[in-house]
Amino acid sequence: MARIFSGVQPTGNLHLGNYLGAIKNFVSLQSQNECIYCVVDMHAITVWQDPSQIANNTREVTAAFLASGLDPKKSLIFNQSRVPQHAEIGWIFNCVARIGWLNRMTQFKEKAGKIRENASVGLYVYPNLMAADILAYKATHVPVGEDQKQHLELTRDIAQKFNNDFGIEFFPIVESLIMKSASRIMSLRDGRKKMSKSDLSDFSRLNLNDDANAIATKIKKARTDSMPVPDGSLRGGDRDSRPEAFNLLEIYSALNDQAIPNIQAAFGGKPFSVLKEALIEVAVEKLGPIRKEMQRLLGDKAYIEGVLSAGAERARKIALPIRDDLFKILGFIQD
Ligand code: TYM
């Protein structure tokens with residue numbers, strides 16, 4: 001049985017990319033594996049977060065997990081700051097990872113913006129904390145979207161270097177679970193930009209708390225080119241020249257669990273408005289119940305917080321002995 005770990009930041013605007021690229025896969029993994037899913041509040045503060053929002057956002061991610069089908073009896077669900085081993089092991093990894101490795105991280109470059117000197121140090125060492133999240137549990141598999149791939153390679157490098165430096169097979173070399181479809185859902189306004197929580201335009205994404213009207217308006221307004229829906233005769237390279245068209249096909253495919261060639265067979269050559277109508281229908285059908293359940297759960301703060309608290313207690317029981325072994329390997333004198 002594999003041990004699965006993954007995390008989602010409580011930074012608001014949870015969207016379709018988070019659902020299709022990550023949360024939906026969390027759910028399908030939970031019946032066969034030991035799964036640990038974390039709301040990573042300490043990662044969120046690498047950029048400024050309003051304290052009054054972070055609790056709401058943490059409850060919202062938790063509600064999205066539960067509403068999408070995660071079962072707290074099967075999967076362990078908690079918020080990161082409750083389990084101190086993440087930060088402790090994160091510090092150790094700050095001493096294992098090399099500056100050159102972190103300098104290659106493309107997400108830091110994107111998030112730090114033009115004036116890098118003004119970014120927090122936390123944003124820079126963020127991937128080390130992410131490695132600690134995973135390795136605090138000696139997790140073996142990590143389901144994520146495509147944008148996290150480089151961070152997982154860094155996690156492997158850290159585990160390997162630690163094991164080599166101390167001559168011990170202590171940390172596993174994790175495998176990323178990046179699904180072939182929907183691992184990179186693009187913005188509805190620009191098919192070359194990923195759908196993102198931080199995009200200033202709300203029309204760029206379908207939020208998990210959008211109602212049917214908002215879903216319909218956003219899909220209707222989604223950018224396409226002037227050509228009809230690509231039919232099956234098109235080749236792979238056409239994806240690059242028609243990114244918006246293929247993004248809508250990909251979204252339809254992932255929401256409806258239907259292969260892209262089948263969708264092309266049904267809609268190829270037709271105007272985009274026809275595909276958009278069908279997409280609105282499946283999006284409302286699949287996302288509507290999740291939104292409704294999220295709202296119901298968010299009305300029951302005590303339940304959500306109970307799930308996080310019970311999850312944290314179980315998480316600490318796994319992470320503490322691993323941290324103790326780690327400190328022993330490092331030679332730290334302990335009680
Ligand atoms: P975050 O919070 O940005 O995103 C949560 C998950 O959603 C995926 N995702 C996408 N998938 C497909 N298309 C998109 N447009 C899209 N946008 C986001 C992300 O890949 C991710 O799986 N660093 C992580 C959180 C994290 C973590 C971890 C993940 C912290 N520690 C340990 C795995 C293991 C992040 O910022 O995800």
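Visitor: Which polar backbone atom is 3.1 Å from a nitrogen atom of the ligand?

Guide: First, please note that this model is predicted. To read a polar contact, one looks for a pair of N or O atoms within 3.5 Å. Here the backbone of Gly17 provides the polar atom, 3.1 Å from a ligand nitrogen.

Visitor: Which side chains have an N or O atom at 2.8 Å or 2.4 Å from an oxygen atom of the ligand?

Guide: The side chain of Gln9 has an N or O atom 2.8 Å from a ligand oxygen. For the side chain of Asp147, the corresponding distance to an oxygen atom of the ligand is 2.4 Å.

Visitor: How many residues surround the ligand, and which are the closest?

Guide: The ligand is surrounded by 28 residues. Tyr126, Asp133, Asp147, Ile185 and Lys197 are the closest of them.

Visitor: Let us turn to helix packing. At what angle do α7 and α8 pack?

Guide: One reads the angle together with the distance between the axes. Helix α7, residues 121-135, packs against helix α8, residues 149-166, at about 70°, and their axes are 9 Å apart. Angles of 65 to 115 degrees count as roughly perpendicular, so α7 is roughly perpendicular to α8. The crossing of α7 past α8 is right-handed.

Visitor: Which residues make that contact between α7 and α8?

Guide: From α7 come Tyr126, Pro127, Asn128, Met130, Ala131, Ile134 and Leu135, while α8 contributes His151, Leu152, Leu154, Thr155, Ile158 and Ala159. By class, ten residues of this α7 and α8 contact are nonpolar, three are polar and none is charged.

Visitor: How are α4 and α14 placed, roughly parallel or roughly perpendicular?

Guide: Helix α4 (residues 85-94) and helix α14 (residues 301-330) have axes 10 Å apart and pack at about 30°. Because angles under 35 degrees count as roughly parallel, α4 is described as roughly parallel to α14. The two helices, α4 and α14, have a left-handed crossing. Gln85, Glu88, Ile89 and Ile92 of α4 touch Arg316, Ala319, Leu320, Arg323, Leu326, Phe327 and Leu330 of α14. The α4 and α14 contact comprises seven nonpolar residues, one polar and three charged.

Visitor: What is the angle between α4 and α7?

Guide: These helices, α4 and α7, pack at about 125°, with axes 8 Å apart. They are therefore oblique to each other. Here α4 passes α7 in a right-handed crossing.

Visitor: Which residues of α4 and α7 meet?

Guide: His86, Ala87, Ile89, Gly90, Phe93 and Asn94 of α4 meet Val125, Asn128, Leu129, Ala131, Ala132, Asp133 and Leu135 of α7. Eight residues of this α4 and α7 contact are nonpolar, four are polar and one is charged.

Key:
Residues are numbered from 1 along each chain as its sequence is written. This is a predicted model: local features need pLDDT of at least 70, side-chain atom pairs count only at pLDDT 80 or more; totals for chains, interfaces and linings use all residues. Side-chain values use heavy atoms; hydrogens and water are left out. Axes are lines fitted to C-alpha atoms, for helices over the stretch in contact, and angles run from 0 to 180 degrees between N-to-C directions. Helices (H or I, at least four residues) and strands (E, at least two) are DSSP runs, numbered from the N terminus. Angles under 35 degrees count as roughly parallel, over 145 as roughly antiparallel, 65 to 115 as roughly perpendicular and the rest as oblique. A crossing is left-handed if the near helix is turned anticlockwise from the far one by less than a right angle, and right-handed if clockwise. Contact means heavy atoms within 4.5 Å. Ala, Val, Leu, Ile, Met, Phe, Trp, Tyr, Cys and Pro count as nonpolar, Asp, Glu, Lys and Arg as charged, and the others, Gly among them, as polar. A residue is near a molecule or strand if one of its heavy atoms lies within 4 Å of it. A polar contact is a pair of N or O atoms within 3.5 Å; within protein, one must be able to donate a hydrogen and the other to accept it, and residues adjacent in sequence count only if both atoms are side-chain atoms.
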